[in-house]
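Please look over the sequence and the model shown here.

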Amino acid sequence: MKKSFIALNTALLIGFGSLAAIPSASAEKDPAKQAAVDNAQASLDKVQAEIAALNKRIKQVDQAVKDNQAMISSTEKEINSKKKQVKQLETEVAELEKRIEERNEILKQRAVTYQQTNGDASYLEVLLGSSSFGDFIERVGAVSTIVKADRKLMQEAQEDQEALEKKKETVTNTLADLNDKKTELVGMQADILEQQKQNETLKATLKDKEAESKRQLAEAEAQNIDIVVQEVTEEAVNAAAVTTVANASSTSSETTKKDETKKENSPSSSSSSSKPSSSKPSSSSSSSSTSSSKSIQKVVSAGYKYIGNSVYVFGGGRTASDIAAGRFDCSGFVSWAFRQGGYSVPASTSALVSAGTKVSYSNIQVGDMVFFNTYKTNGHVGIYVGNGKFIGSQNSTGVAVADMSSGYWKKTFSGLVVRVR
């Protein structure tokens, strides 16, 4: 039951010869109840710190959802553009195939006309069958023209065939890229949904924490201090008067000493106050010296500060603002982590596949890159930290250490291990 307490101010009157006993009320702390209040306050402080962390996390995830949605929209536009390119290439391929077919038909008809006269006949037979020299010359000229025309047609047909193969290859590659984009888009949408679920969970947790905080605050207020009524005797009043006089005397003495000290020390006070700052060690020089050499250990440990304080954003980790806010995708995080150890590696999974030496999983070492078949072959990458675990930016957690010896990551591990030394 909540209790109010009464504060009574006792005035010290000087000049009266004697004082009657004056009833008074003062607050006296109950040790047991005070301990309960202290515990409630400590619990409240902890809850408020958790709430602050949750609020920060929710802001990160909300922003990541917006950024990833923007990336999805951009990818959809790119897919539509690719589709138009594919249609154009298919039209060009069809035209080339038609021209090749037409040339083949012309060559076929010429072969029938000039090489078959009452049966199979060669160009030589056509020439030898001339009735006169003039006819012979005409036939030679005609055959030469035909041969040149045939050669030109054949050369054009060959060139078109080569162009056709290139066009088909381009179409195939474009379609493959388009399919990867589609698959990637599906993966991104799954990431968005996962992050939205996390966001809702975090918000629900925040509400629970707020309710719990209010409850603990109410309990803390309920643990108020009992009122104990005491009598203020004449001896107590006299003691209070002595204390008051002593305090006044002490205050006057201190004021006098301060004035004297101010007069004596005013010329040199500024110089003496600057001494402590000059003795501070410089951290920049030591920092630059330790980061100059290559270190796989720095690569491995660099991301630990982001655990529980980061969020997955597609395309993240490539700008200073993203890095400061803990916004990474998997390849962006790996590239950043290797830079912290003095190494330069690309920031895309496809490029990281060939960024070092491929080794077998049986020879894996701490600091090796490991790849996983997620939305595509080797679509996810992390850094091996030992004991079957790796650190990376996961779509559902941000930067975190995950176990690749069981569950989802074991199932999706592609077997590819790349070492950068």
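This is a predicted model: local features need pLDDT of at least 70, side-chain atom pairs count only at pLDDT 80 or more; totals for chains, interfaces and linings use all residues.

Residues are numbered from 1 along each chain as its sequence is written, and side-chain values use heavy atoms, with hydrogens and water left out.

**The sheet**

An open sheet is formed by 6 strands in the order β5-β10-β6-β7-β8-β9, with antiparallel pairing; helices (H or I, at least four residues) and strands (E, at least two) are DSSP runs numbered from the N terminus, and two strands pair if DSSP finds at least two bridges between them. At its edges are β5 and β9 (398–403), each of which pairs on one side only. On average, and ignoring direction, neighbouring strands of this sheet are turned by 35° against each other. Between β6 and β7 (residues 380–386) the antiparallel pairing extends over 4 bridges, and Val 370 has Gly 382 in β7 as its bridge partner. Helix α10 (residues 330–340) lies across β6, β7, β8 (389–394) and β9 and runs at about 45° to β7, where axes are lines fitted to C-alpha atoms, for helices over the stretch in contact, and angles run from 0 to 180 degrees between N-to-C directions.

**Asp 368**

Asp 368 is located in the loop between β5 (357–359) and β6 (369–372), and its relative accessibility of 0% makes it count as buried (under 20% relative accessible area, with a 1.4 Å probe and protein chains only). Beyond residues up to four places away in sequence, Asp 368 touches several residues, among them Gly 382, Tyr 384 and Arg 419, contact meaning heavy atoms within 4.5 Å.

**Tyr 306**

Tyr 306 lies in the loop between α8 (296–301) and β3 (311–312) and, at 7% relative accessibility, also counts as buried. Leaving aside neighbours within four places in sequence, the contacts of Tyr 306 include Ile 323, Phe 328, Trp 336 and Val 399. Although Tyr 306 and Val 399 are 93 residues apart in sequence, their C-alpha atoms are 6.0 Å apart in space.

**Polar contacts**

The table lists polar contacts of both residues, that is, pairs of N or O atoms within 3.5 Å, of which, within protein, one must be able to donate a hydrogen and the other to accept it, and residues adjacent in sequence count only if both atoms are side-chain atoms.

| Side chain | Partner | Distance |
|---|---|---|
| Asp 368 | Arg 419, side chain | 3.0 Å |

Definitions and conventions
Buried means under 20% relative accessible area, exposed over 50%, partly exposed in between (1.4 Å probe, protein chains only).
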